[in-house]
Amino acid sequence: MSLPTDGTEIRECVIKCWEQIEKQRQEHKPKTTYKKNEETNQNPQVICIFVSSTFRDFHAEREVLVKKVFPELREWCTQHHLQLIECDLRWGVPRDSTTKTTICTCLDEIQRCHKEAEGEGFFLNMLSERYGWVPNKEAVSDDLTKQYDWVHGTSVTHMEIVQGAYASNNPNSLFLIRDPSFLKDLPSDQRAGFVDDSEYCKVQIKELKKQLREAFKEQVFDYSCKVDSVENGKVKMVGLEDDFAKTVLDFFKSAIARKYPEKEVKNQTPEEIETQQHQIFMEQRGAMVFGRSKEIQKMLTFAKLSKDSKEGSSPMLVVADPGQGKSALMAKCVRESKQKGMNVFYHFVGCTAQSTDASNLVYRLCEALIKTENTEWTELKEKFNYERALILLANLLKEFGKTGEQLLIIIDAVNQLVKGNDSLKWIPPNVFGSIQVIISTTREGGTLQKINDMLPSGERLNLAELDETAKMDIVQNYFGRYNKKLDPEQLALLVQSEGSKNVLWLSLVCEELRIFGVFEEVTQRIKQLLPSLDGLISEIIQRMINEDETSFVEQILCLLECSQAGLKETELHFMLGDCEKNQLVAMLPWSQARRTLGPFLRNSSGSGGEPMLDFFHASIKKAVKTTLLSSPEKQEVQHIRLAEFFQYHCQNDTRVVQELPYQLKTAGKTKRLADFVMEDKRAPKMGRIMISRTLKDLRCQKYIFFPGPFEKMVKICTCCKNFKGGVFKNSVWLNKDVCLMCGEHVSPFYRKKEQEAMLCMDHSRGTVWTHSETCVVCKKPISPIHNPLPMYLCMNCSWDQRRCTRLVTKE
C-alpha cells in the first residue's frame with residue numbers, strides 16, 4: 001500500500017488513523033498485568049526511560065541526552081536509591097532487520113518500560129518536521145497488527161507515541177517540539193534529513209503535534225536551537241543545554257519523585273544508608289558476572305565448610321590483576337550465598353566515601369556481630385577508638401563462633417583500605433565455629449605480601465582470564481540492558497580483541513560504544529579501539545576533554561593525579577575558582593565536569609569524614625599522567641598549584657601537613673619546604689617522625705666517616721645557649737637542648753658522640769681559616785675561650801650517623 005498523494009485522500013486517511021487511535025484510547029487496557037516488584041524494598045527500583053524520535057534529525061538532541069542529561073539524572077536517581085536505564089535506540093537494531101524485527105524491538109521495549117513502572121512507563125518523545133518511516137500494510141502482518149494494535153498509515157514513531165503515552169494518558173510522558181526556525185541556517189544538502197517531502201507525512205506530523213498539545217497540555221514543551229556546523233555528515237546544534245536539557249531533567253525528576261516518593265529513606269540512620277549503598281553495589285556488580293561458575297562454586301564450597309572450633313579456619317584470599325572483575329565476582333558470591341539462605345556480612349571497599357577507612361569496616365563488622373547488649377561496644381560507639389575496636393572485634397568473633405551460628409564474611413578490595421600500617425590488623429588469622437571469611441585484593445602494591453605473611457596457610461583463589469564465551473555473554477548482556485545489540489561481526493571483533501582479556505577494558509569499551517551515536521560507524525569504531533587498557537583510557541580521556549564545555553575536566557584529572565591520595569571536593573572547588581578572592585567555582589559547570597568524570601572517580605573517606613575524590617583504578621591515574629602530564633615541566637606546574645593552595649589558602653591544618661610537604665618536595669621547592677618545616681606554626685602537626693624524615697631528605701649527602709681538621713661540629717655560643725627564640729621558631733624547648741634538625745628535645749642520656757651535629761668539609765670551610773667556630777643561632781664567630789657548646793641530634797634524626805647536617809635546598 002503506497003501513501004496517498006491526493007489532498008482529499010490524505011485528509012481522509014489521516015482522519016481514519018486518528019479515529020482508530022482515539023478508539024484505542026477509550027478502550028485502553030494494559031497488554032500486561034503489571035505487578036509491583038516484590039523485591040523493591042531489597043533492591044533498587046529500576047527507572048527505564050524510552051527515547052522516541054525520528055533518528056536522522058535528532059542526533060544532536062540525543063547526544064545531549066546521553067552525555068549530559070541522563071548522567072545527571074542517573075546521579076540524582078542513585079542519591080534517591082533508584083537505578084536509571086535509558087533506552088536510546090539510535091543503534092541496536094541489527095542491520096538488515098525485517099520490518100517485524102524493527103517494530104517488535106521498539107514496541108517491546110516500551111512495554112518493558114511500562115512493566116518497570118507498573119503501567120506508567122517513563123517516555124520521552126521529540127518531534128520536528130519529519131513524521132518518520134511509515135511501513136506498508138503488507139509489511140505489517142496480521143499478528144503484529146493484533147499484538148500491538150497497529151494502526152496502518154502511521155509511522156513507527158507515531159505508534160511509539162501511541163503505545164508509550166497516548167493510549168494510556170501516561171502522566172510520565174514528555175513531548176518536546178523543536179521550533180522550525182533552525183531550518184533557515186540548515187545547509188541545503190542536509191534538508192532532506194530534517195524535512196519530509198511527502199505531503200502525507202507533512203499533514204500527519206502537523207496533526208500529531210496538534211493532538212498532543214490538546215491531550216497533554218502540561219506535558220508538551222517547545223524549544224529552540226540553532227545550527228552550528230556539520231561534522232562527519234551530522235548536524236551539530238547549539239542552544240540545547242538551556243530549555244531542552246533543563247526541561248527534560250526537571251520533568252523526569254518531578255515524575256520519578258511523584259512515582260517513587262522517599263518514605264523510608266528520610267528516616268534512615270547513616271549506618272542504614274551505608275548498608276544500603278553496599279547492597280546497591282552488590283546487586284549491580286553481581287548481576288553482570290559471566291563465565292566464573294567454577295570460581296563461584298569454589299567460594300560457596302568454602303563458605304559451607306564447618307571447621308573444628310579448636311583448630312579454626314584461615315580466611316580465603318581471592319587474588320586478581322587490576323581490571324579482572326574481582327569485585328563483580330565477590331558481589332556474585334554474596335548474591336549466590338544469600339539466595340541459598342546463608343547469613344552474609346559484606347563490605348565493598350570503595351563503594352562509599354567511608355568504606356575505604358578501616359575504622360568504618362571494623363565498626364560495621366562489630367555492629368553485625370553484637371547479639372546482645374554490650375557495654376564496651378556502647379562506649380566505643382560514643383567515642384570510637386580503632387585500637388580498642390580491634391581487640392573487641394577479635395573477642396566478638398570468638399564469642400560468635402561458640403554459638404554455632406553460620407556467618408560468611410566477605411570483604412572486597414582490602415588493598416584500597418586506608419589506615420596506615422594498621423589497615424589489615426582486623427583480618428583474623430583463624431575463625432572458629434561456622435564462621436568463614438573471604439577477602440580479595442589485587443596483586444599490585446604490598447598488600448598481597450602482607451596478607452601472605454599474615455595467612456601463610458590460607459586458601460588462595462587466583463582469577464584467570466575469561467574465555468570467549470564468557471566475554472560474549474558480558475557484552476550481550478550489557479547491551480541487552482539498553483535494548484541494543486551488536487551484529488555477529490561486531491561482536492566477534494570486540495571479544496577477539498587482545499584488550500578483551502581485561503574485564504575493565506571490556507566494560508569501558510561497552511560504555512563507550514553505548515553512547516556512540518552514529519549507527520553506520522559502529523563497526524569502524526570497534527576496529528579503531530586500542531587493545532591496551534592504558535591506550536583505551538587515554539583515548540576516553542581525550543574524548544572527554546574534547547567534549548568538555550567547562551574547561552574543568554582536564555584540570556580535575558591533572559590535580560587528582562598530582563595529589564597524594566585524592567582531594568576533597570571543597571578543595572577542588574577553591575582551586576577551580578579564585579583562591580585569591582576566596583571565590584568557589586560555579587556549581588553548574590562543576591557538576592557537569594564531575595558527572596563527565598563519574599566513571600573514572602570514586603569517593604574515599606577523608607579527614608573529618610568529608611568525602612574525597614580519587615581515581616577508582618590505578619590504570620586511570622597512570623593514563624592521566626601519560627596523556628596529560630608527560631613532561632616534568634607539566635607536572636611541576638600542577639604540584640606548585642597544589643602547593644600554593646595548601647600553603648596559603650587551605651584552612652584545614654591536618655590537610656596542609658598531609659599534602660604540602662609532598663607537593664613542595666615533588667615540585668623541587670626544597671627551600672620552601674625547609675622553611676615550612678622549621679618555621680611554620682602548623683608544621684608540628686606533621687609529627688616529629690615525619691618532620692625528621694622530611695629534613696633528612698634535605699640534608700647534605702656527604703658522610704663524615706673519619707672527622708678531620710676540616711670537618712666541624714655545629715656549636716652554639718654561651719650567649720645564645722638559652723636563646724628564647726630557639727634554633728627553630730616552632731621549637732617547644734627554646735634552648736640548646738633541642739635537636740639541630742627537628743627542634744625536638746634531646747635528653748642528656750642520648751648525647752652520645754655519634755649524635756653530635758657535624759658539618760662536612762665543604763660546609764665548614766668558611767670557619768676553618770679563622771681558627772674559630774660560628775654560632776648556629778647568631779651566626780657570629782665564637783672563640784674557644786667563650787666555651788662554645790656542641791649541638792646534638794635526637795634519636796629520630798641521627799639514624800644515619802656522622803652525616804653532614806647542613807640543609808641543601810633550592811628555591
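Me: When are two strands said to pair, and what should I know about the numbering and the model before I look?

Reply: Two strands pair if DSSP finds at least two bridges between them, and strands themselves are DSSP runs (E, at least two residues), numbered from the N terminus. This is a predicted model, in which local features need pLDDT of at least 70, side-chain atom pairs count only at pLDDT 80 or more, and totals for chains, interfaces and linings use all residues. Residues are numbered from 1 along each chain as its sequence is written, and side-chain values use heavy atoms, with hydrogens and water left out.

Me: How many bridges join strand E6 to E7, and do these strands run parallel or antiparallel?

Reply: Strand E6 (residues 226-231) is joined to E7 by 5 bridges, and the two run antiparallel; Lys226, for instance, stands opposite Val238 in E7. The hairpin of E6 and E7 has 2 residues between the strands, and Asn232 takes a positive phi near 55° there.

Me: Which residues of strand E7 lie on the covered face, and which on the uncovered one?

Reply: In a regular strand the side chains alternate between the two faces of the sheet. In strand E7 (residues 234-238), Val235 and Met237 form the covered face, while Lys234, Lys236 and Val238 form the uncovered one.

Me: In what order do the 5 strands of the open sheet stand?

Reply: The order is E2-E1-E3-E4-E5, with parallel pairing. Strand E2 (82-88) and strand E5 (220-223) each have a single partner strand, so one side of each is left without a neighbour in the sheet. Strand E4 (residues 173-178) is joined to E5 by 4 bridges, and Ile177 has Asp222 in E5 as its bridge partner.

Notes:
Buried < 20%, exposed > 50% of the residue type's maximum accessible area, 1.4 Å probe, protein only.
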